[in-house]
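Reader: I would like to learn how to read a structural model feature by feature. Could you take me through one, giving the general idea before each case?

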Amino acid sequence: MAMSPVAFEVVRDIDRFRALQSDWNDLWHRAEGEYFQSFAFCHGALEAEDAASRRKLHCIAGRREGRLVVVWPLMTFWRSCWKYATALTPANRSPSDILASPEADVEQIVNGAWKAALRSTRADAIELWRIRSNSPLCRNATRHGVIERGTEETTPYARLRDQGPWETFVRALPGRKKTRPEYLERRLARHGEMKFEIIDVNDSRVPSLVEWFVSRKREWAQHNLIDSRWTFSEASSKFWRSLLSNDSSGVGVFCLFVLTLAGEPVALNIVAVQATRAYLVANTYDLRYGKLTPGTVLVDYCVKWAFDNRLDMDFGPGDQQYKSFWSAGHSYLTSSFLVIPTRWGQAGYAAKQVAKQLRTVSSNIAGRRTPERNPVHSP
């Protein structure tokens with residue numbers, strides 16, 4: 001039986017974008033979407049946009065018989081004389097993907113959204129970050145445009161839903177023989193009363209905890225000599241405040257896992273909860289207690305909480321020791337790439353690469369030094 005067609009529209013102003021919230025939430029539940037596909041996450045990213053930014057909202061929404069079946073929030077902007085499109089996310093290269101209803105023709109729905117985006121944005125380049133490599137969006141991108149600057153990375157996750165007793169599961173994991181969760185927790189507890197809390201967005205402490213989180217993130221970046229424009233920007237504070245506000249609650253549930261020592265926070269994790277999986281969205285800790293690894297203690301607690309609630313745990317990309325321990329080798333691939341769908345974009349990219357090569361050659365030539373001849377001394 002032929003499916004009815006999908007009618008696409010482009011949402012360019014924030015009021016119409018906000019009007020999608022109810023339908024978007026319904027679609028997110030039907031599709032069992034990931035946290036970064038939720039309205040709360042995308043709205044938070046839009047709220048955090050710098051007022052002076054030249055990036056423009058360009059959200060593709062598709063309806064079938066009036067029901068929202070696909071949404072792909074994008075931002076468009078110009079670099080020199082080329083038009084770019086990218087996913088609506090914070091400026092920290094967060095993962096993204098098209099949110100589509102799990103219908104029999106989901107591949108065609110995503111294909112239609114891709115074509116609608118190309119047609120309406122007229123983008124010369126589409127920059128995408130951390131798209132699941134097996135997703136319909138990834139397949140469409142590789143079919144319909146020239147791919148440049150592609151990279152792949154793995155995201156570790158812990159399979160917890162089908163495990164037996166907790167103690168048996170932990171003992172079977174390789175590594176961390178000397179730093180088992182119970183040992184790290186006991187070691188930290190020697191330095192004061194230790195307490196774990198799960199704080200939802202309705203708690204009055206959320207604003208102060210968000211500020212604590214942002215400050216500790218910046219201290220950590222400075223300590224590790226990481227030059228992150230996003231981490232030190234006002235946009236990062238605005239994003240976390242918006243994401244964890246009351247207005248964002250109810251879908252793609254975000255909450256704070258907090259570890260306190262003697263009544264003061266020493267570690268904080270931002271966690272998203274989906275139907276079958278919990279996501280470690282962001283985490284930080286107080287550097288003054290670094291030797292006691294409060295960050296690892298809190299992650300261990302989050303994993304145990306996910307285990308008790310029959311949820312898998314997604315740690316986000318990275319090769320940190322705690323991720324390797326809990327994932328036990330389980331991971332999935334994501335792809336980041338630049339799609340160049342127009343000839344003008346391809347010509348511009350080629351010219352840019354030639355210019356880069358010429359600069360490299362010129363730099364190498366300028367850096368060469370003719371060895372000085374050793375002076376000849378008379379005997």
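Predicted model: local features only at pLDDT ≥ 70, side-chain atom pairs only at ≥ 80, totals over all residues.

Reader: How many helices and strands does the protein chain have?

Author: Helices (H or I, at least four residues) and strands (E, at least two) are DSSP runs, numbered from the N terminus. The protein chain has 12 helices and 13 strands, and of its 379 residues 48% count as buried, where buried means under 20% relative accessible area, exposed over 50%, and partly exposed in between (1.4 Å probe, protein chains only).

Reader: What span does helix α4 reach from its first C-alpha to its last?

Author: The expected span of a helix is 1.5 Å times one less than its number of residues. Helix α4, residues 106-121, has 16 residues and reaches 22 Å, close to the 22 Å expected. Its buried residues include Ile-109, Val-110 and Trp-114, and the helix is followed by Arg-122, whose phi is positive, near 55 degrees.

Reader: Where does Thr-231 lie, and is Thr-231 buried or exposed?

Author: Thr-231 lies in the loop between α8 (206-223) and α9 (234-243), and it counts as buried because its relative accessible area is 16%. Its side chain is joined to that of Ser-228 by a polar contact of 2.8 Å; such a contact is a pair of N or O atoms within 3.5 Å, where, within protein, one must be able to donate a hydrogen and the other to accept it, and residues adjacent in sequence count only if both atoms are side-chain atoms. Leaving aside neighbours within four places in sequence, Thr-231 is in contact (heavy atoms within 4.5 Å) with Lys-217, Arg-218, Ala-221 and Ser-236.

Reader: How many disulfides does a search of the whole structure find?

Author: A disulfide is a pair of cysteine sulfur atoms within 2.5 Å, and the search finds 0 of them. For Cys-59, the nearest cysteine sulfur, that of Cys-42, is 7.9 Å away. Cys-59 counts as buried, at 0% relative accessibility, whereas Cys-81 is partly exposed, with a relative accessible area of 37%.

Reader: Which elements each supply at least two residues of the lining of the second largest pocket?

Author: They are β5 (99-100), α4, α5 (136-144) and β11 (277-285).

Definitions and conventions: Residues numbered from 1 in each chain as written. Heavy atoms only, no water.
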